[in-house]
Amino acid sequence: MNREDLVARTFVELADTLVENYDLIDFLHLLAERCVSVLEVAEAGVVLAGGQGQLHALASSSERMHLIELIEIQRQDGPCLDCWRSGEAVREDHLTDATGRWPHFAPAAIESGFASAYAVPMRLRDQRLGALNLFANEVCGLDQSHEALAQALADVATIGILHERFIARSEEVSAQLQVAFNTRVVLEQAKGVIAESARVDMDQAFALLRGYARHHNMLLSEVARRVVDRETAVASLAILPGTRGARPR
Amino acid sequence: MTSDRSQRMIRRLVEQAGGPDASLEWLCDTCARELEVSGAAVALIVSGHDPGSIASSDEVASAVVDLQFRTGEGPAIDAHRGGLAVIEPELATSTRWPVLGPEALAAGAEALFAFPLRAGAARFGALTLYRDRSGPLGDGLFAAAQTMAEVACEVTLRLQAQVPPGSLHQIIDHLGDQRTVIYQATGMVMVQLGVGPEGAGAALRARAYVTDRPVRDVAADVVDRRIRFEL
């Protein structure tokens with residue numbers, strides 16, 4: 001397969017992965033592996049910023065890569081840190097020249113056998129998500145002509161992450177909607193159960209329910225659920241002290 | 001519909017989404033017009049068989065959803081359960097929904113279409129379309145309808161995301177208000193028949209069906225103790 005085919009196939013493969021219910025970590029690992037083959041570098045890794053601005057090494061093409069990324073994050077120096085802070089791509093063709101720039105990262109990376117290091121930002125407009133790290137065993141390991149392609153792959157990672165966040169948020173809101181609606185339904189059903197069992201009207205049924213919840217320091221919704229599920233007998237609601245005006249007729 | 005038209009619709013909808021609650025009604029009107037059907041409704045389905053419209057383009061569209069609530073069957077329920085689009089271009093000859101079919105025809109629907117509202121693993125209803133003459137959706141309109149269902153899903157969730165957890169956005173709350181008497185009656189019938197909420201709900205709907213009355217009216221009679229369900 002020639003290079004153009006490989007690049008095209010990689011993008012199709014990544015797009016195909018972005019379907020419903022995909023696993024983000026799995027997707028980012030695939031992306032890191034494909035970066036290695038398409039960009040002809042030794043290793044690739046995805047570093048993502050968490051809610052507190054703390055970076056996390058989410059997916060790496062190898063354990064060697066992962067360890068160096070952890071050093072970057074722990075010691076707070078290295079290309080991905082600079083890239084994430086600035087939002088701009090970072091190039092270092094000669095790691096041996098970079099021990100001043102990155103006093104912790106550069107020696108560690110050299111010791112692991114890397115000779116050059118690059119980082120491409122993952123961002124959407126003003127929103128900086130993280131960086132795509134690319135390390136090579138040789139100096140000048142990322143061909144200049146590959147830079148645009150590296151950014152395109154970082155953009156695919158960005159889309160994958162934002163898509164996953166959107167879905168997660170949607171699922172959360174949908175779950176809240178269902179819970180809140182069900183709570184309403186169950187509360188009304190419980191009033192009906194009490195009204196029928198205790199021969200009271202709906203207002204009195206609600207007063208009994210609320211009186212019981214307060215007396216037992218329970219959530220109204222929980223008492224309602226128990227009444228509907230017949231875990232709490234209606235008779236035990238009606239004999240409470242202090243439920244004035246809500247006694248059975 | 002060309003993709004240009006589809007994109008323009010979506011752009012206008014998204015512009016409105018953060019604003020007034022009219023956006024879902026507008027979406028239904030837009031679906032009716034642009035998808036070349038007679039009407040559209042956004043049906044919310046919270047528990048398994050409980051569809052209720054939170055927005056609709058016209059009376060028939062909301063009646064089609066209400067009928068599904070009463071009969072416990074129909075395109076919105078199937079789309080919601082299966083997670084896939086449901087297409088019934090010729091209701092008159094279809095045996096798919098034996099109870100709903102004749103009622104929907106009588107209400108003025110000859111063809112029914114429904115597209116699930118879903119976000120990731122979550123599903124909570126269906127965009128329901130009807131047309132007063134039979135036949136499939138027009139060329140390219142199937143994909144457009146699916147897109148509109150995605151937009152309806154996003155708009156609904158955006159509205160719900162505006163309120164704190166535990167509460168409901170007013171257009172969803174409004175559906176709950178309309179159903180209050182039904183849920184109260186369900187609780188009473190549970191005691192009368194000694195059954196769970198599903199059984200009691202089914203009994204209420206069946207009574208409404210055989211007496212050809214709205215479920216809400218039957219429920220009001222139960223709550224006012226004019227009707228009792230006996231074993």
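**Where the chains and domains meet**

Tutor: In this predicted model, 37 residues of chain B are in contact with 30 residues of chain A.

Student: How much area do chain B and chain A bury between them?

Tutor: Carbon and sulfur atoms account for 62% of the area buried between the two chains. On the side of chain B, B:Val46, B:Tyr183 and B:Arg225 supply 21% of what that chain buries against chain A, more than any other three residues. The total buried between chain B and chain A is about 3000 Å².

Student: Which residue of chain B forms a salt bridge with A:Arg184?

Tutor: Four salt bridges are found across the interface of chain B and chain A. For a pair to count, a side-chain nitrogen of Lys or Arg must lie within 4 Å of a carboxyl oxygen of Asp or Glu. The closest N and O atoms of the pair in question are 3.0 Å apart, and the partner of A:Arg184 is B:Asp177.

Student: Which element gives the largest share of the side of chain B that touches chain A?

Tutor: At least two residues each come from β4 (111-119), β5 (122-131), α6 and α7 (170-193) of chain B. The largest share amounts to 14 residues, and its source is α7(B).

Student: How many residues on that side of chain B are nonpolar?

Tutor: The side of chain B that touches chain A includes seven charged residues and 11 polar ones. The nonpolar residues there number 19.

Student: What area is buried between domain 1 and domain 2 of chain B?

Tutor: Here 17 residues of domain 1 of chain B are in contact with 15 residues of domain 2 of chain B. Carbon and sulfur atoms give 60% of the area buried between these two domains, which is about 1400 Å².

Student: Turning to chain A, what distance does helix α6 reach from its first C-alpha to its last?

Tutor: Helix α6 of chain A covers residues 147-198, which makes 52 residues. At 1.5 Å a residue, the expected span is 76 Å. The distance reached by α6 of chain A is close to that expectation, at 76 Å.

Technical notes: Residues are numbered from 1 along each chain as its sequence is written. Chains are lettered from A and ligands numbered from 1 in the order in which they are written. This is a predicted model: local features need pLDDT of at least 70, side-chain atom pairs count only at pLDDT 80 or more; totals for chains, interfaces and linings use all residues. Side-chain values use heavy atoms; hydrogens and water are left out. Contact means heavy atoms within 4.5 Å. Buried area is the accessible area (1.4 Å probe) that two parts lose on being put together, summed over both. Helices (H or I, at least four residues) and strands (E, at least two) are DSSP runs, numbered from the N terminus. The expected span of a helix is 1.5 Å times one less than its number of residues. Ala, Val, Leu, Ile, Met, Phe, Trp, Tyr, Cys and Pro count as nonpolar, Asp, Glu, Lys and Arg as charged, and the others, Gly among them, as polar.
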